[in-house]
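Have the chain open in a viewer before reading on.

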Amino acid sequence: RNMWSVGFQRFLSFLAFSCACCCVHCKTPLFVGVLLPTNPTDPVLARFRIPPVQLAVEHINASPDILPNHEIVLEVRNSACDIGLAGYELYRLLSQTNETMVALIGESCSTVTQPLAQISKHFNI
């Protein structure tokens with residue numbers, strides 16, 4: 001063996017070890033869609049609906065006992081309590097999220113919730 005090939009093999013071994021060490025702390029993302037009225041003209045709605053969801057996700061992600069090796073990632077969209085907009089935002093969530101959505105949170109308006117529940121079950125959400 002020449003010196004170059006030994007050095008190159010050591011470099012490859014180091015690189016493989018470095019990558020493996022970095023991935024020890026990697027977590028698999030679990031995408032959760034959030035469809036809630038977050039109308040900026042009515043900040044009260046957004047203030048009372050989004051923070052509790054974010055707080056729960058922070059607690060779950062921080063716990064080593066709940067969903068180990070996973071991280072919940074929220075994808076928040078404004079539904080404005082409108083079935084047309086909510087349907088469009090669900091479509092955007094499904095088409096723009098690179099990974100599979102595992103859950104859908106929302107909606108606070110029953111006229112929007114029922115159709116979204118009927119649609120989302122066909123996507124295994």
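**Strands, a helix and one arginine**

V34 stands opposite I105 in strand 3. This is a predicted model, in which local features need pLDDT of at least 70 and side-chain atom pairs count only at pLDDT 80 or more, while totals for chains, interfaces and linings use all residues. Residues are numbered from 1 along each chain as its sequence is written, and side-chain values use heavy atoms, with hydrogens and water left out.

Strand 1 (residues 28–36) pairs with strand 3 (residues 101–106) in the parallel sense over five bridges. Strand 1 also pairs with strand 2 (residues 70–78), again parallel, over nine bridges; here T28 stands opposite H70. Strands are DSSP runs of E of at least two residues, helices are runs of H or I of at least four, and both are numbered from the N terminus; two strands pair if DSSP finds at least two bridges between them. Seven of the nine residues of strand 1 are buried (under 20% relative accessible area; exposed is over 50%, partly exposed in between; 1.4 Å probe, protein chains only).

In helix 4 (residues 110–120), V112, L116 and S120 are the buried residues. They fall within an arc of 50° seen down the helix axis, so they line one face; the arc is that of the directions from the axis to the C-beta atoms. These buried residues pack against strand 1, helix 3 (83–96) and strand 3. On the other side of helix 4, S110, T111 and Q114 are exposed.

R49 belongs to helix 2 (residues 43–62) and is partly exposed, at 25% relative accessible area. Beyond its neighbours within four places in sequence, R49 contacts L36, P37 and S108 (heavy atoms within 4.5 Å).
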